[in-house]
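I opened the model today and kept notes as I went. The entries follow in the order in which I looked things up.

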Amino acid sequence: MTPVIRLVDACRTFPGPPPVQALHPVNLTVEPGTYLTVVGPSGSGKSTLLNILGLLDRPSAGVYEFEGADVSELNDRSRTAIRAHQVGFVFQSFHLMPLRTATENVALAQLYAGAGRRQRMLDAGIALERVGLGHRRSSLSNTMSGGERQRVAIARAIVHRPSLLLCDEPTGNLDTATADGVLDLLDELHRDGMTLVVITHASEVAARGQRTVTIRDGRLS
Amino acid sequence: MTLRSRISWRDLGAEALAGLLQRPGRSALTALGTVLGVSAFVAVLGITGTAGNQIDERFTALAATQVVVEDVGPPDMPASEGSFGPDSSARVQALNGVVHAGVWWPVPAKKPSISAAYGVVTGTEDLRFLAVEDGALSATHPKLQQGRLYDRFHSERGERVAVLGAVAASRLGVTRLDGQPAVFVDERPYTVIGIVSEVDRLPEALFSVMIPLSTAESDYGMPEQAAAKMLIETRLGAATVVAEQVAVALRPEAPERFRVISPVSPRSLHDSVLGDVNLLFVLLATISLVIGAFGIANTTLVGILERTSEIGLRRSLGARRWHIGAQFIMESTILGLLGGLVGTSLGVITVVIVSLAQQWTAVIAPWIIFPAPLVGAAAGLVAGIYPAWRAAATEPVEALRRLG
Ligand SMILES: Nc1ncnc2c1ncn2[C@@H]1O[C@H](COP(=O)(O)OP(=O)(O)OP(=O)(O)O)[C@@H](O)[C@H]1O
Ligand SMILES: [Mg+2]
C-alpha cells in the first residue's frame, strides 16, 4: 500500500538571523490507517514537523511524498488544493471564527473545496453529530466551552473526509475529563480507518497511539 | 489527481459580507468618508445644476424674446441712404410672433448740446439724443415715472415732444411735468411729456432724450447709413424664427444690408457662468472622496492585521492567495458601495432642502444620481487593493503562529 506520508531526509531551517535548524533531516513513513503520536518538549520542532506534513510549509531540503506523490516541489496552487481536499487540521488554539455558529465554522472547511452551500451545511451537521454536538449546531462558537470548541474544531477537520488528520496538542487546553472525551473521539476516527498524526507532550496521550515517535531538538527518534 | 480549490463568486461575496457585518460599528465608521465624499459630489452637482436652471429661466425670458437688426449698408456702394424704409416696422409687425418692433438711431445733432433752459449747458455732455420709434420704446418695457410715452399721433404730426430717461431727467433738473418743461437740443425746444425710470432693454435709454422718428427726420433729416437699428420683441420661442425671416421681410431685394442678432443660446450662457464654480466644488468633493478612500484603506489594513489568524485558517482550509485577496477587495468595495448609496441619498436630501429654502425647483440629472454609488464602490475597490495584496501575501504558517 502507498504510504500516506513518506519523508526522506526532510529538514527545515529558518533563515535567521540567527538561523534556526528547527528540524534536522528526518525519515518517516506513515502507512494508511496509522495512529501516530509525536511527543517532545516545547520548542523541539513538533509544530514545524506538523506544518510540513500538512503542506502549510515546505522542507528546506529533502523529499516529502504525500500519498505517493512528491509534493515538496509542487506549486502553491496544487498544494492548496491538497489542503482543501485531503488534509484536516486541528489546531492547539482551536482557531474558530468567534461570531459564527458551530455549523458555519464546520462548513468553512468545504468552502474552498467547491461544494455548494446547502451541501456544506448538511455535511457540517453530520460532522457535528459525529463529534456529539448535534444539539449545539446553531450555538455561536464563542459561547461554547473549551471541550466543545475542540470538538467543533475536530468536526471541521473531518467534515471533508481527509486522508490525513493532523492534531497539534488537541488536549492541551482541556481538563482530564474533557480531554478523555476528545481522545475517545480520535480513537473512534482511527477505528474508522483514518490516518492520524497527533502531537502532544503528555505521555498518557501518546500512549493512545499505535506508534509513537519522540522529537528532541529537531531530531526524531 | 485533478483536485482544485475553488469558491463561487456568490460564496465569496457572502464571506465578504459576513466579514463586514461582524464589526458593524467599525464598518459604518469606515464607510463614513465615502458617505461624505459622495454626498458632497451629489450635493454640489445637484445644487449648481439647480441654480443653473434658475439662471436659465431668468435669462431666457429676456434673451429669448429679443431680436436686434443692424443696418450694415449695401456691401460695395458707400454713402447711400439708410437701409430701413419708412414702412419697416409695419413689415416686421406683420411677421408671426412679433410683439413690438421699431427703429431707433442716435440723432446726428450738429452741435449736440442739451439743456433744460435755453442756452445753458452744464454736465450734460454724456447724455444721448435718440430718435426712437414708439414700437421700439414699447419693446424696452419702459416703466414710467411720470407722464406718458409719445404715440403714433405725435409721430405723424412731427410734434416736438420728448421722453426722458430717469438719469437724463435728473441731470437736466427736470423733476415735475405739470409746468410742461422743455429741453433744448441745438437750441430747439422739445416738450417733455414723460420720464422713464426703468427699462429691460436698451439701457442707454435711461441716459437719453428720446424723440419720435418723424420729428427727428424733419429736424435733422434721415439717419446716416449704418446708424439705425431695429429692436424687436417677440413672443417666447418665436425669436429664432423671426430672426430668420426679418431681413427678407425688411428688404426682399437686399436682405444682405442687415445684420440680425438673434438670442444668445441660454445653455452656453449658463455653462460659462457655472463652469468655474462647478470645477472648484467638484475638486473639493473629489478631495473628500480621496480622503474617504484612504480611510477605507487604512481601516481595512488594520482589520487585516487583526484577522491574520483568520487568514491563516482559511489558507489551511484550502483558500488560495487569490481567494483571500478577492475577499478583502470585495469587503472594501461593498463598504464603498454602501457608503456611496447612503452618500447619494444624503446628497439628494441636501439639494432638496437647499432648493426649498431658495424656493427653487430641484433639478438633479440622472447621470449624477445613478453613477454616484458606483463612484463610492470604485473608491472602495481602489482602497482595498493594497490591503488585499498584503492579506494575500500572508504566509499561512506565520499567520497561524499568532494566537487569535
Ligand atoms: N518562523 C520561524 N523563525 C524562526 N524560528 C522559528 C520559526 N518557527 C519556529 N521556530 C523555532 O523552531 C523551533 C521549533 O519550533 P516549534 O514551533 O516547531 O516547536 P514546538 O515543538 O511546536 O513547541 P511547542 O510545544 O511550544 O508548541 C523553536 O526553537 C522555534 O523558536
Ligand atoms: Mg507547537
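Before anything else I wrote down that contact means heavy atoms within 4.5 Å. I also noted that helices (H or I, at least four residues) and strands (E, at least two) are DSSP runs, numbered from the N terminus.

Entry on the source. This is a predicted model, in which local features need pLDDT of at least 70, side-chain atom pairs count only at pLDDT 80 or more, and totals for chains, interfaces and linings use all residues. Residues are numbered from 1 along each chain as its sequence is written, chains are lettered from A and ligands numbered from 1 in the order in which they are written, and side-chain values use heavy atoms, with hydrogens and water left out.

Entry on chain A as a whole. I found seven helices and ten strands in chain A. Of its 221 residues, 56% are buried; buried means under 20% relative accessible area, exposed over 50%, and partly exposed in between (1.4 Å probe, protein chains only). I then looked at contacts in chain A between residues at least 6 apart in sequence, and 70% of these join residues at least 24 apart.

Entry on the strands. Two strands pair if DSSP finds at least two bridges between them. Strands β1 (residues 5–14) and β2 (residues 20–30) of chain A are antiparallel, with seven bridges. A hairpin of five residues connects β1(A) to β2(A), and Ala10(A) is opposite Val26(A) in β2(A).

I traced an open sheet of six strands in chain A, with mixed pairing and the order β6-β7-β8-β3-β9-β10. β6 and β10 of chain A are at the edges with a single partner strand each, so one side of each has no neighbour in the sheet. Inside this order, β3 (residues 35–39) and β8 (residues 195–200) of chain A run parallel and are joined by five bridges.

Entry on positive phi. Where does Glu67(A) lie? I found Glu67(A) in the loop between β4 (61–66) and β5 (69–70) of chain A. Its phi is near 50°, positive although the residue is not glycine, and Glu67(A) is partly exposed at 34% relative accessible area. Asp217(A) also has a positive phi, of about 50°. Asp217(A) lies in the loop between β9 (211–216) and β10 (219–220) of chain A and is exposed, at 59%.

Entry on the two chains. The contact takes 29 residues from chain A and 30 residues from chain B. Together they bury about 2,800 Å², 58% of it on carbon and sulfur atoms; buried area is the accessible area (1.4 Å probe) that two parts lose on being put together, summed over both.

I counted four salt bridges between the chains, each a side-chain nitrogen of Lys or Arg within 4 Å of a carboxyl oxygen of Asp or Glu. One of them joins Asp76(A) to Arg321(B), at 3.8 Å from N to O. On the side of chain B that touches chain A, α1 (9–21), α10 (308–316), α11 (321–358) and α14 (396–401) each supply at least two residues. α10(B) gives the most, with six residues.
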